[in-house]
Every structure is written in C-alpha cells, then in structure tokens.
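Hi there,

Here is the structure I promised to pass on to you. Have a look at it first, and my notes follow below.

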Amino acid sequence: MSQPGDFEGVRKDIIAILKQKGYDDGSAGPVLVRLAWHASGTYCKESDTGGSNGAGMRYEAEGGDPANAGLQHARVFLEPVKDKHKWITYADLWTLAGVVAIKAMGGPDIQWKPGRTDFADDSRLPPRGRLPDASQASDHLRHIFYRMGFNDQEIVALSGAHNLGRCHVDRSGFEGPWVNNPTRFSNQYYKLLLKLKWKPKKWDGNFQYVAKPPGADEEDEDLMMLPTDYALIQDEAFRPWVERYAEDQDLFFSDFAKVFAKLIELGVYRDEDGIARADKMKAFKGSY
Ligand code: DDH
C-alpha cells in the first residue's frame, strides 16, 4: 500500500506492467491507450454527460458494450497497480495509464491531472452508441467528435493514436495493425495512409483496407486501415492535416499531446486550485 497522492509511484508501477510477454506485440501499452480513450470518448458537450469521470466501464452496461470489447484485458493488466495504490480511483488510473503508456512507447508528454471519482453504482452511465463506428465515413466522424467538442484538426490528430496497436477479429471484427511497429508512437500512420496502395481486403469479414508494408515479403502480415481511417484522406478538410502530420512529426506530437489532454479532461470540473470536485460534475446530479 502506498501513500495517497504518490502518483510518481503509480506511474512507475504502470510502466512495470507494460511489458506483457505473449500478449499481442508484447505490450499492454496500446490497449491501455484505448481504455483511456473509450473511458473519455462517451462525452456529450450538450448534455454534459459521459467522459472519463466515474469509471463506468466497471459496470456491465458500459463495460459490456460491444464497442468496448477487449478492454477487459487493459483493466485486468491494471489491477495489480490498483491493488498496490488502493487510494487512486479507477477513473484516474485508467486515464493516467494511457498517458504513461504513450510516453513509454516514445510519444509526447501529456498533461494529466488527478481528481476523477468513481461512480458508486451504474445509475449514471452514458448510453451505448456514443463511440465511433469504424465502418462509417467522415460525416459520422464529425457527428461523433463534434459532440465531444473537437474540430477537424483535432479529429485528425486524435486518429494518429492508430500508430499504436492492432485490430482483433474477435473484438471488433477487423484485423491487423496499422503500422509495422505498433508499439512505437510515431507519425507513421499518416505517412502510410498517403503512401501505400490501400485495397479492400478479400475476406468474409468487415470491409477494411489492406496493403503490404514497404519491402514486405508475401508471407509478411498485411497492414490495415479502417473505413474511418481512410476517410481522413478522402475528405478535403481532413486531408491537409494528414499531410502536415505526415511531414512534421514534431507538430503531430505537440498537437496530439494537447488534444489527448483535452480528451481525458472531458466532463471533469475543477476549482481554481485545479482540484476536481465531484459535486460540481453534472453526472453526479442525477441528470440522466
Ligand atoms: Fe481506435 N480503434 N478508433 N482510436 N484504437 C481500434 C483500436 C485502437 C476507432 C476504431 C478502432 C481512436 C479513434 C478511433 C486506439 C486509439 C484510438 C479498433 C480495433 C477499432 C475498430 C479494436 C480491436 O479489435 O481490438 C474508430 C472508428 C475511431 C475514430 O472514429 C476516429 C482514437 C481517437 C484513439 C485514441 O487513443 C486517441 C488504439 C490505441 C487502438 C489499439 C488497441 C489495441 O488493443 O491494440
């Protein structure tokens, strides 16, 4: 048991669980990033509901949402950290784990602040259907991300998280990694979107794009893009941002750091001293 408030200790213990031999590409990092994103991405600006506060995925209504399939692995990876630092809330731990994993995989420093609380029951969970559907196109991306309060540039920057990890048929119905090295944060995703010849995958599964990595042999694993990834180069407002991030990794890192910090703060209210106050969060007033 550690001292309450020892976030440095928590960070160290998150780093210690990142290496997971035998799991995916040997790292828990990508799925931890996805956990932080799905915890936060339910936010709705207009009703001021959803977001990372509450850690609603502990309950079946949110955790069992097919959109969250596979994220139980991330939560299980984090259990020993929670066990050692019992004072930290799950809502803080899940967002902090995403930030720590991105940095450990070579990404930027992202500002993270504590103070989220965990719901005591499942009465205030966001409805299902707020996370994006990968089979759709740019109008859907705008519908989902404008609802959270993001603009076109931020949508493209956030999507760069697909430099990390992979799709699993048994989780989402899609298959494969986006880049050759899916545990190293970089701007490769944008480069490959523009550079490779993406073709529809020939299979019975969900429609997705595939391409061979540069210099690959026939037996090498295909790289992939979701329809929503491909939409970023089809849409005339998104595409210039893909081009800029492909050319300028520093710009991507700095924009990504800002937008990921904004994502994990959605629906978290703080007093001037920076401390989150549960009673100020609408989600606690039983408004839905
Ligand atoms: Fe994503 N994502 N994501 N994603 N995502 C998947 C995996 C990962 C969409 C669909 C999928 C973001 C945006 C979108 C990560 C981070 C982020 C998978 C595969 C699908 C499908 C799941 C599986 O089979 O295991 C769609 C659609 C969007 C969108 O509309 C823009 C964002 C904004 C982030 C973020 O972190 C900021 C990561 C990391 C993964 C890899 C997970 C893993 O287990 O590996």
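A nitrogen atom of the ligand lies 3.1 Å from an N or O atom in the side chain of W37, a polar contact here being a pair of N or O atoms within 3.5 Å. Please keep in mind that this is a predicted model, where local features need pLDDT of at least 70, side-chain atom pairs count only at pLDDT 80 or more, and totals for chains, interfaces and linings use all residues. Residues are numbered from 1 along each chain as its sequence is written, and side-chain values use heavy atoms, leaving out hydrogens and water.

An oxygen atom of the ligand is 2.6 Å from a side-chain N or O atom of H168, and for S172 the distance from a ligand oxygen to a side-chain N or O atom is 2.6 Å.

Now to the helices (DSSP runs of H or I, at least four residues, numbered from the N terminus). The axes of helix 1 (residues 7-18) and helix 4 (residues 71-84) come within 9 Å and cross at roughly 150 degrees; axes are lines fitted to C-alpha atoms over the stretch in contact, with angles from 0 to 180 degrees between N-to-C directions. Helix 1 and helix 4 are therefore roughly antiparallel, the term for angles over 145 degrees, while 65 to 115 is roughly perpendicular. V10, D13, I14 and I17 of helix 1 meet F77, L78, V81 and K84 of helix 4, with contact meaning heavy atoms within 4.5 Å.

Helix 4 also packs with helix 5 (residues 90-104) at about 115 degrees, their axes 11 Å apart, so these two are roughly perpendicular.

Best wishes

Note on methods
Parallel < 35°, antiparallel > 145°, perpendicular 65-115°, else oblique. Polar contact = N/O pair within 3.5 Å; in protein donor to acceptor, adjacent residues only side chain to side chain.
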